[in-house]
Amino acid sequence: MSSSGHAQTSNSSAIRALQMELRSLQSQPVEGFTVTCDDDNMFKWTVGIFGPPGTLYQGGYFKAHLKFPTNYPYSPPTMRFIHSVWHPNVYENGDTCISILHPPVDDPHSGERWNPTQSVRTVLLSVISLLNEPNTSSPANVDASVMYRKYKDYGDQEYATVIRKQVDKSKEEARKDNVVVPETIDEYVVKAKPKLGNESNDVIDLDEDYYDYEDDDTDEEGDYGGDDEEDSGQGDDES
């Protein structure tokens, strides 16, 4: 197969996988998130993250972009917050630093990284867990990490004050988007839509015939869909 033909196959396979994941998330939503896709670009999604009740982020509405490579799911997406988020595991440019978004490497001691069995759902669940329990062992934002440790260990309220200000500011964005942010557990917990009798489970088949990938291509980092070429700011450090 020619390189151009192989690229088209990879591209269409990634689109099909993303379409299946999007349908799955719409029928079986993840608590605390809204997910939409650009009408003309399946490789760029917009995520709305609701701050979990009972945490510093309660009542917050934080938007981020997910960008997918053309060889997804063999390479991970990138996730960047649209507006400033003060958090130990978020870079100043908004890039999210979590281990499963790091590209896979042939190193058994590299720790948890992306693999093709991961999905948007697992990424979103990891992000909500990170909001509640930041990883300060290898922070993306050192100043935020130090401030968080003072808050957790000594009760210093500077970190809490910064987060509450960001939550208040994010509510303005929610009003612009006509989004009602859940404030209670009952509002936060979403109800899955019942499946129809003829509706199949949206399970992605990772069989090689389905994706039509050659072995030497699955280890390469894919190109990311979308028009803008932004630096991710992500390193190889585990977070």
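Mentor: The names come from DSSP runs, numbered from the N terminus: a helix (H or I) has at least four residues and a strand (E) at least two.

Before going on, please keep in mind that this is a predicted model, in which local features need pLDDT of at least 70, side-chain atom pairs count only at pLDDT 80 or more, and totals for chains, interfaces and linings use all residues. Residues are numbered from 1 along each chain as its sequence is written, and side-chain values use heavy atoms, leaving out hydrogens and water.

Now step back to the sheet. It is open, with four strands in the order E1-E2-E3-E4 and antiparallel pairing; two strands pair if DSSP finds at least two bridges between them. At the edges are strand E1 (33-38) and strand E4 (78-81), each pairing on one side only. From one strand to the next, the twist averages 25°.

Let us cross the sheet from the E4 side. E3 and E4 run antiparallel and are joined by four bridges, and alanine 64 stands opposite phenylalanine 81 in E4. Across the next pairing, seven bridges join strand E2 (residues 41-50) to strand E3 (residues 61-67), again antiparallel. There, valine 47 stands opposite alanine 64 in E3. Helix H2 (residues 120-132) lies across E1, E2, E3 and E4, running at about 30° to E2. For such angles, axes are lines fitted to C-alpha atoms, for helices over the stretch in contact (heavy atoms within 4.5 Å), and the values run from 0 to 180 degrees between N-to-C directions.

Next, return to Arg80 and its charged partner. Arginine 80 forms a salt bridge with aspartate 95, with the closest N and O atoms 2.9 Å apart. The term asks for a side-chain nitrogen of Lys or Arg within 4 Å of a carboxyl oxygen of Asp or Glu. Since arginine 80 lies in strand E4 and aspartate 95 in the loop between E4 and H2, the pair ties together parts that are 15 residues apart in sequence. Both arginine 80 and aspartate 95 are buried.

Lysine 63 and aspartate 177 meet through their side chains at 3.0 Å, N to O. This pair links distant parts of the chain, with lysine 63 in strand E3 and aspartate 177 in the loop between H4 and helix H5 (185-188), 114 residues apart. Lysine 63 counts as buried at 18% relative accessibility, whereas aspartate 177 is partly exposed at 30%.

One last stop is an aromatic pair. Tyrosine 57 and phenylalanine 62 sit edge-to-face, 5.9 Å centre to centre with 75° between the planes. Rings of Phe, Tyr and Trp (its six-membered ring) pair if their centres lie within 6.5 Å; planes under 30 degrees apart are stacked, over 60 edge-to-face and the rest tilted. Tyrosine 57 is buried at 2% relative accessibility, and phenylalanine 62 is buried at 7%.

Terms used. Buried means under 20% relative accessible area, exposed over 50%, partly exposed in between (1.4 Å probe, protein chains only).
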